[in-house]
Amino acid sequence: MKGNFMRHIKCPCGLSDSNDDKVISCTIGNISYDRNEIVAREIRQCDICNRKYEVFLHYRLSYEEMRV
């Protein structure tokens, strides 16, 4: 992923900073009952050891917007 986005979850090997790890897939895993949170599931591959690992990203919705 390019840009100023910092990843906090790193590969369990401990050798990678995870910023160059490849995102193999990303899916919406769950939407909370009150619809305030979306959970996305990413499968990443380490750029050092090539190990695949799973990361869950929790996004909170701050507002809704309507466009006509």
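This is a predicted model: local features need pLDDT of at least 70, side-chain atom pairs count only at pLDDT 80 or more; totals for chains, interfaces and linings use all residues.
Residues are numbered from 1 along each chain as its sequence is written, and side-chain values use heavy atoms, with hydrogens and water left out.

**Overall form**

The protein has zero helices and three strands, in the order β-β-β along the sequence. Helices (H or I, at least four residues) and strands (E, at least two) are DSSP runs, numbered from the N terminus. The radius of gyration of the protein is 15 Å, whereas a compact globule of 68 residues would have one near 11 Å. That radius is taken over C-alpha atoms, and the globule rule is 2.2 Å times the number of residues to the power 0.38. Along the principal axes, the C-alpha atoms fill a box of roughly 45 × 25 × 20 Å.

Of the 68 residues, 21% count as buried. Buried means under 20% relative accessible area, exposed over 50%, and partly exposed in between (1.4 Å probe, protein chains only). Among contacts with a separation of 6 or more, 26% are between residues 24 or more positions apart; contact means heavy atoms within 4.5 Å.

**Core**

The largest nonpolar core consists of six residues: Cys11, Ala40, Cys46, Tyr53, Val55 and Leu57. Strand β3 (residues 52–60) gives the most to this core, with three residues. A nonpolar core is a set of buried Ala, Val, Leu, Ile, Met, Phe, Trp, Tyr and Cys residues joined through side-chain atoms within 4.5 Å. Leaving aside neighbours within four places in sequence, Leu57 is in contact with Ile38, Val39, Ala40, Glu42 and Arg44.

**Glu42 and Arg44**

Glu42 is found in strand β2 (residues 37–45), and Arg44 lies in strand β2 as well. Their side chains are joined by a polar contact of 2.7 Å. A polar contact is a pair of N or O atoms within 3.5 Å; within protein, one must be able to donate a hydrogen and the other to accept it, and residues adjacent in sequence count only if both atoms are side-chain atoms. The side chain of Arg44 also reaches the backbone oxygen of Ile9 at 3.5 Å.

Beyond four places in sequence, the contacts of Glu42 include Val23, Cys26 and Tyr53.

**Cysteines**

The structure holds zero disulfides, a disulfide being a pair of cysteine sulfur atoms within 2.5 Å. The sulfur of Cys13 has its closest cysteine sulfur in Cys11, 3.7 Å away, which is too far for a bond. For Cys26 the closest cysteine sulfur is also in Cys11, at 18 Å, and that too is too far for a bond.

| Residue | Relative accessible area | Class |
|---|---|---|
| Glu42 | 8% | buried |
| Arg44 | 3% | buried |
| Cys13 | 28% | partly exposed |
| Cys26 | 48% | partly exposed |
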